[in-house]
Amino acid sequence: MISRAESAKLYDEAKHYFPGGVNSPVRAFRSVEGTPLFIKKGKGARIWDADGNEFIDFCCSWGPLILGHAHEGILEAIRSTIDNGTSFGAPSLQENELAKLIINNHRHIQKIRFVSSGTEAVMSAIRLARGATGKNKIIKFEGCYHGHVDALLVKAGSGLATFGVSTSAGIPESFAAETIVVPLNEPFALEQVLEEHHNDIAAIIIEPIPANNGLLLQNKSFLQYLRTKCDEFDCLLIFDEVISGFRAGFEGAAGKYDVRPDIITFGKIIGGGMPVGAFGGSHEIMSNISPDGQVYQAGTLSGNPVAMAAGRATLEACLTPGFYDRLAQKTDRLIKPIQDFVKANELPMRIQSIDSIFWLAFSHKRVMTADHIDADKMVNFKKLHAELLNRGVYVGPSGYEVGFVSEAHTEEDIDMASSAMVEALKVVFNK
Ligand SMILES: Cc1ncc(COP(=O)(O)O)c(C=O)c1O
């Protein structure tokens with residue numbers, strides 16, 4: 001067992017300062033064993049905690065670190081920008097440079113607005129959709145997460161397609177009622193909602209690669225169907241690509257599945273580990289945003305030059321030839337031995353993956369919808385997580401979270417982690 005004494009001490013102290021001792025709930029390790037690790041340092045694919053334990057990291061700050069920790073190119077971009085000041089609240093060259101890079105390399109983005117988080121990007125995209133269509137209701141899918149936006153922090157009530165029931169205290173029922181929740185992969189349910197509310201649907205929002213409740217990969221045909229329906233019912237299609245943007249290829253899921261959304265939201269990778277989000281679309285749609293249009297949106301630190309420089313350094317690296325192929329190959333190399341072990345031992349699990357995202361699902365069958373995840377099986381993840389930490393592998397502390405492979409993972413890291421996962425699974429399943 002690794003020692004977590006120093007982390008435990010810091011965590012006890014943190015509980016005096018922060019609700020639950022953390023600044024974002026999943027960090028509190030509530031669904032796995034032990035106290036959260038306090039991370040002191042990261043370099044490449046490795047992190048070190050306050051007790052000096054070293055881990056190969058597949059959480060990668062929940063996705064932004066596609067180049068790994070403390071990447072020299074990003075640090076250099078930050079250093080050379082920060083020497084001239086940290087924030088001006090006025091336009092800066094760095095905003096143009098990052099925007100140009102994205103717009104020149106992404107077919108569906110003609111104009112973009114930078115914000116400071118994924119939540120802010122989604123919140124603004126929803127307002128934009130309402131402002132542009134003059135309609136109110138939003139359709140979202142059960143199992144997709146879009147940040148802690150009031151109207152989207154909702155789950156389905158009982159029934160196939162229902163008005164949202166808020167999943168957090170502090171959200172008025174009337175806000176939740178503006179959102180209609182439907183299951184993924186159920187065209188029939190969606191059709192019903194569209195027929196019933198066709199005059200008042202502003203947008204359908206989806207994580208085109210749903211990666212916040214396991215990895216609930218959808219068929220391309222379902223995403224194409226959403227496009228068709230949005231055209232038919234005159235509402236907007238929002239792809240929330242906060243995770244998949246710049247990860248499933250530079251053009252994210254929109255490019256991969258060749259489906260055109262009206263608005264795309266970004267976060268995570270776009271800021272290279274600094275707080276950046278964004279939303280964008282066609283000239284026409286984005287012309288609704290203030291000061292050009294009537295949809296108000298603003299931010300003191302939006303387009304922060306230091307964060308823009310980090311984002312640019314990251315996205316430039318993503319554009320180098322073979323970047324995404326290398327990531328996909330590494331991910332295959334990681335999961336193949338685990339899959340072989342699972343198959344040979346007929347374990348009740350499978351690994352679902354796409355590009356450099358993977359998820360350990362405790363199910364024999366492909367999991368495509370939230371209700372197909374068996375919460376009771378998460379006890380396996382709890383054991384697995386502890387076994388992995390003891391073997392020097394760090395994955396996000398919840399079985400509903402996905403793992404990420406970065407450019408910094410070497411073949412040696414991958415092979416070590418893969419063996420550690422097999423050894424950990426032997427303990428979990430007594431093999
Ligand atoms: C798909 C998606 N949308 C929105 C968000 C919210 O982003 P942030 O945590 O930066 O507010 C997340 C965060 O995990 C996300 O995965």
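Visitor: Does Phe-246 count as buried or exposed, and how many C-beta neighbours has it inside 10 Å?
Guide: Phe-246 counts as buried, because 27 C-beta neighbours lie inside 10 Å. Bear in mind that this is a predicted model.

Visitor: Where does Phe-246 lie?
Guide: Phe-246 is in the loop between β11 (236–240) and α8 (252–257).

Visitor: And what is the phi of Phe-246 near?
Guide: Its phi is near 65°, a positive value in a residue other than glycine. As background, most residues other than glycine have a negative phi.

Visitor: Which value does phi take at Glu-346?
Guide: Glu-346 is not a glycine, yet its phi is positive, about 50°. This residue sits in the loop between α11 and β14.

Visitor: Is Glu-346 buried or exposed?
Guide: Exposed: Glu-346 has 9 other C-beta atoms within 10 Å, and the cut-off for exposed is 12 or fewer.

Visitor: Okay, what about peptide bonds? Which one is cis at Pro-291?
Guide: The bond from Ser-290 to Pro-291 is cis, and its omega is near 10°. Pro-291 is found in the loop between α9 (283–286) and α10 (305–318).

Visitor: Let's zoom out. How many helices and strands has the protein?
Guide: There are 13 helices and 17 strands.

Visitor: How does the radius of gyration compare with that of a compact globule?
Guide: They agree: with 431 residues, a compact globule would have a radius of gyration near 22 Å, and the protein has 21 Å. Its C-alpha atoms fill a box of roughly 60 × 55 × 45 Å along the principal axes.

Visitor: What share of the residues counts as buried?
Guide: Of the 431 residues, 48% count as buried. As for contacts with a separation of 6 or more, 72% of them are between residues 24 or more positions apart.

Visitor: On to the sheets. What is the order of the open sheet of 4 strands?
Guide: The order is β1-β2-β3-β16, with mixed pairing. The edge strands, β1 (39–43) and β16 (393–394), each pair on one side only.

Visitor: How many bridges join β1 to β2?
Guide: There are 4 bridges, and β1 runs antiparallel to β2 (residues 46–49). Lys-43 has Arg-46 in β2 as its bridge partner, while Lys-41 stands opposite Trp-48 in β2.

Visitor: What does Gly-44 do in that hairpin?
Guide: Gly-44 takes a positive phi near 60° in the hairpin of β1 and β2, where 2 residues lie between the strands.

Visitor: And the open sheet of 3 strands, what is its order?
Guide: That one goes β14-β15-β17, with antiparallel pairing. β14 (350–354) and β17 (403–404) are at the edges with a single partner strand each, so one side of each is left without a neighbour in the sheet.

Visitor: Which helix packs on this sheet?
Guide: Helix α11 (residues 323–344) does, touching β14 and β15, and its direction makes about 160° with that of β14. Between β14 and β15 (residues 357–361) there are 5 bridges, and Arg-350 has Ala-361 in β15 as its bridge partner.

Visitor: Last topic, the ligand. How many residues surround it, and which are the closest?
Guide: 15 residues surround the ligand, the closest being Ser-117, Gly-118, Thr-119, Gly-147 and Val-242.

Visitor: How do the residues of that shell divide?
Guide: They divide into 5 nonpolar, 8 polar and 2 charged. Helix α4 (residues 118–133) gives the largest share of the shell, 3 residues.

Key
Residues are numbered from 1 along each chain as its sequence is written. This is a predicted model: local features need pLDDT of at least 70, side-chain atom pairs count only at pLDDT 80 or more; totals for chains, interfaces and linings use all residues. A residue is near a molecule or strand if its C-beta atom, placed from the backbone, lies within 6 Å of it. Ala, Val, Leu, Ile, Met, Phe, Trp, Tyr, Cys and Pro count as nonpolar, Asp, Glu, Lys and Arg as charged, and the others, Gly among them, as polar. Two strands pair if DSSP finds at least two bridges between them. The radius of gyration is taken over C-alpha atoms; the globule rule is 2.2 Å times the number of residues to the power 0.38. A residue is buried if 20 or more other C-beta atoms lie within 10 Å of its own, exposed if 12 or fewer, and partly exposed in between; C-beta atoms are placed from the backbone. Two residues are in contact if their C-beta atoms, placed from the backbone, lie within 7 Å. Axes are lines fitted to C-alpha atoms, for helices over the stretch in contact, and angles run from 0 to 180 degrees between N-to-C directions.
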